[in-house]
Amino acid sequence: MSRELATVDEGLRGSSRVYSPGFSSALLAMAYRQVARFLVARSRMANAVIMPVMWLVFFGLGWSAAFSTLRGVERALFGGLEYLEFLAPGIVIMSVFMAGFGSGLGVIWDREFGYLKEVLVSPAPRQALILGRLVGDSVVALVQGLLMAVLVSLVAGWPGTARFLAALAAAYVAALASSSIGTFIALSMRSPEGFHVVINLIMMPMLFISGAFYPIEPLPEWLKALAYINPLYYAVDLSRGLMYGVHSTPLTLDAIGLLAVSAAFIALVVAKFSKTYLA
Amino acid sequence: MSSYAIIAEELRKSFNGFEAVRGVSFKVRYGEVYGFLGPNGAGKTTTLSMLTTMIKPSGGRGIVAGYDVVENPVEVRKRIGVVFQDPTVDRDLTAWQNMMIHASIYGIPRSDAEKRARELLEFVELDKFAHKPLRSYSGGMIRRFEIARALLAEPEVVFMDEPTIGLDPQARAKVWEVIQELKRQGVTVFLTTHYMDEADRLCDRIAVIDHGRIIAEGAPDELKSRVGGDTVYLRAIDSDSAKKLLALVSEYGEAKLAADNVTVVLVASNAPSKIPQIISSAERAGVKIVEARYNRPSLDDVFLLLTGRRLRDEEGDWRIWGRLVRSRLGR
């Protein structure tokens, strides 16, 4: 108590620096974290690759064999492509979408295991923190998409480097869109179980009417209408157009639709996270 | 610029009509270790959460490191380090990765961050485990890591919410060592605890908080001197002799009969010299003392004096006292 307070005061203020976090350093740190977490959690990588591989092998090869008995009709059904070519871009988008959407779960675990507090109590701009997370999650999703893209190209036929890379760019936008959709849903949820329910309730129908497995033109009008509000449809159509040159909606429309959905959900996520207080 | 690290003025917080904090006011000087001592649910964590900008106060003002916690939360966050009650680490990553991410979101340049992270991990004796994932750490190691991480950005004030809760005695002792070293270095620390020994050992000043209000404030010794002396517990053989004993010891200080009706509680200065006197005068009066024991005043007694309740979870039961048997004292 006999300490000279004024001296302590000055001393402390003299010695301690006040750091100011920059937007980009915070964003990169959060992106790095998502990538680093992915690299140590091998099971996540396995999980995100195994499902699409199973679809490719058991669904794709199976139907491909069945359709090939129809000879000429097969190409007519699938816009001039063989079924495996038709399916390949869909499988890539599917793997990216599942990985991105599922990454929302991390938001719930962060709340559960307290890391959210570490982030919220930091002086970094909230927008940077959550955007960094989306960037990291979408990069991770893209890595998985890349693995799948290489695999399906080997099975269905190499589309050429330029087409391959263009399709990958589309896959990245799809990854960003699905990460932000998943994160947006997760931000308003508390339990991982609840999120799994949402995954099954939303993700599966979105996948089925995305045009990844079958063309949507022959569908009844009401299903078609659902497809047209499904961001995944635009992602699949865009990547199929870029990869094999077959699409049912103009590619610019696909691209605009996909970008618009991504931008909208990113904005929603940022707005929601910026308002996060603990109570 | 304020000369206080923390100023709280009538801070209050209600959750759905429940008043968790009912207007607390206090000031913490730079270089001071200030403790919030109180039972679970007293409003300690809520107060800390308001001061660390994690929740918005319902009323009153909080100034931390010169900035208002509501008007300027970002300026406050730049100047504080926080160790929350529950771990806030990424367990899948290593201590080093957690440190570097922390550095980046606090804007610490890489070279400074690496140098300081190395020093701090050494300071909390975790340098050997820097590249191990935190999943492999024990509770005590995680707490020490979190203290080190909270110091990375050279904060002006460090907040710690129940820094040793849930730790085994050895881990507690290590965390205490760390906090005591911070104290020596003049770091300002605000901590909450429901362990009186912890508050006593670590804090320069303590606010005793109960039901959302500060009921006493001061240095541990100041608070303890309010109890007025040592507390002597004398157990008689039955309630009749206890009553006689009560009359007998009243001249030594303030005395009363405990709830069990056989124990006399006496508050007196210098108990060690008074107990033999009491025993011999009781023997002369034909009153048999079965057990005699005394306590130096503890913060627990302070709490008991102020609230009529014990700080620990168990109910106040006079019977649990009295371990010194007559043979050790009387003969």
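The largest cavity is lined by M30(A), R33(A), Q34(A), V107(A), D110(A), Y115(A), L116(A), V119(A), L129(A), I130(A), R133(A) and F273(A). On a 1 Å grid over the protein atoms alone, a cavity is a set of points where a 1.4 Å probe fits but cannot get out, and lining residues have an atom within 4 Å of a point. This is a predicted model in which local features need pLDDT of at least 70, side-chain atom pairs count only at pLDDT 80 or more, and totals for chains, interfaces and linings use all residues. Residues are numbered from 1 along each chain as its sequence is written, chains are lettered from A in the order in which they are written, and side-chain values use heavy atoms, with hydrogens and water left out.

- Helices α2 (23-40), α6 (105-112), α7 (115-120) and α8 (126-156) of chain A each give two or more residues to the lining of the largest cavity.
- The lining comprises 8 nonpolar, 1 polar and 3 charged residues.
- The largest cavity holds about 110 Å³ of space, and the whole structure has 5 cavities of 30 Å³ or more.

**Helix pair in chain B**
- The axes of α3(B) (residues 95-105) and α5(B) (residues 139-151) come within 10 Å and cross at roughly 25°.
- α3(B) is therefore roughly parallel to α5(B), a term for angles under 35 degrees.
- The crossing of α3(B) and α5(B) is right-handed (the near helix is turned clockwise from the far one by less than a right angle).
- Contact (heavy atoms within 4.5 Å) involves A95(B), N98(B), M99(B) and H102(B) of α3(B), together with F145(B), A148(B) and R149(B) of α5(B).

Notes
Axes fitted to C-alpha atoms, helices over the stretch in contact; angles between N-to-C directions. Helix = DSSP H or I, 4+ residues; strand = E, 2+ residues; numbered from the N terminus. Parallel < 35°, antiparallel > 145°, perpendicular 65-115°, else oblique. 1 Å grid on protein atoms, 1.4 Å probe; cavity = no way out; pocket = protein on both sides within 12 Å on 5 of 7 lines; lining within 4 Å. Points joined across faces, edges and corners; volume = space filled by probe spheres on them. Nonpolar A, V, L, I, M, F, W, Y, C, P; charged D, E, K, R; others polar.
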